[in-house]
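Subject: Handing over a structure

Dear colleague,

I am passing this structure on to you, and I would be grateful if you could look through it alongside the notes below.

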Amino acid sequence: GHGNIFEQNSYVKLGEIAKLAFESVGIDFIAESRAMGGYSSGPEIALCMEAIFGSDIDAISWDYGMTDGRDPRNYWLWSSRAGLVPTMPIVFLNDNRRGEVNAEIQKMGMAAVHIQELDRLKKMFPNSDLTDNVDDLPPAVRWYICAGHAENDEPCNKYKWNTGECGAD
């Protein structure tokens with residue numbers, strides 16, 4: 001995700017886990033992060049999709065909520081362009097505001113998955129700023145959520161880049 005150290009990006013970690021699972025059944029799995037911080041999904045990214053992501057992809061994820069804002073038009077363009085890639089990749093949507101677009105593109109014959117559970121999962125993490133003894137929390141969870149937000153508000157923000165305890169260095 002945006003603002004993370006590359007090795008800690010959630011999609012990089014998911015790719016590492018999926019690679020092990022697929023290899024266990026004899027399937028070669030390749031995951032590549034093509035993230036470009038600060039760009040919206042359209043029109044440039046959407047219209048240059050094959051040049052950026054390639055033409056031999058099985059799945060692609062949209063995570064441009066920060067740059068695209070509330071307007072769904074860029075996602076419409078991006079997901080429609082994904083449907084033109086020769087392999088017709090599955091589109092994964094990581095956003096709670098654009099699910100209705102996925103429902104429409106599914107009607108057009110595209111495979112689209114709306115990952116709705118991320119906000120619910122984030123709410124399962126403790127608020128570090130409200131915890132009596134934050135040192136009792138596991139290192140990977142400590143200072144993740146403050147004031148109900150991930151890695152944004154103080155005091156969490158000042159610990160964001162301190163990854164030594166988590167083994168990322």
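This is a predicted model: local features need pLDDT of at least 70, side-chain atom pairs count only at pLDDT 80 or more; totals for chains, interfaces and linings use all residues.

Residues are numbered from 1 along each chain as its sequence is written, and side-chain values use heavy atoms, with hydrogens and water left out.

The protein has 7 helices and 5 strands, where helices (H or I, at least four residues) and strands (E, at least two) are DSSP runs numbered from the N terminus. Along the sequence, these elements follow the pattern α-α-α-β-α-α-β-α-β-α-β-β. Of the 169 residues, 28% are buried; buried means under 20% relative accessible area, exposed means over 50%, and partly exposed lies in between (1.4 Å probe, protein chains only). Among contacts (heavy atoms within 4.5 Å) with a separation of 6 or more, 47% join residues 24 or more positions apart.

In helix 5 (73-82), the buried residues are Tyr75, Trp78, Ser79 and Ala82. Seen down the axis of helix 5, these fall within an arc of 90°, so they line one face of the helix; the arc is that of the directions from the helix axis to the C-beta atoms. Their cover includes helix 2, helix 3 (49-53), strand 1 (59-62), helix 4 (65-68), strand 2 and helix 6. In helix 6 (residues 99-107), Gly99, Val101, Asn102 and Ile105 are buried. Seen down the axis of helix 6, its buried residues fall within an arc of 150°, so they too line one face, and they pack against helix 5, strand 2 (90-93) and strand 3 (112-114). Glycine 109, which follows helix 6, has a positive phi near 100°.

There are 4 salt bridges, each defined as a side-chain nitrogen of Lys or Arg within 4 Å of a carboxyl oxygen of Asp or Glu. One of them joins glutamate 23 to lysine 19, with the closest N and O atoms 3.1 Å apart; both residues lie in helix 1, 4 residues apart, about one turn of the helix. Another joins lysine 107 to glutamate 104 at 3.2 Å between the closest N and O atoms, and these two residues lie in helix 6, 3 residues apart. Lysine 107 is exposed, with a relative accessible area of 65%, whereas glutamate 104 is partly exposed at 34%. An α-helix has 3.6 residues a turn, so residues three or four places apart point the same way. The side chains of arginine 73 and aspartate 71 also meet in a salt bridge, at 2.5 Å from N to O.

Finally, two loop residues may be worth a look. Serine 40 lies in the loop between helix 1 (10-23) and helix 2 (44-47), and a polar atom of the serine 40 side chain is 2.7 Å from the backbone oxygen of glycine 42. Leucine 137, in the loop between helix 7 (118-122) and strand 4 (145-146), is buried, with a relative accessible area of 15%. Leaving aside neighbours within four places in sequence, leucine 137 is in contact with Pro126, Ser128, Thr131 and Arg142.

Technical notes. A polar contact is a pair of N or O atoms within 3.5 Å; within protein, one must be able to donate a hydrogen and the other to accept it, and residues adjacent in sequence count only if both atoms are side-chain atoms.
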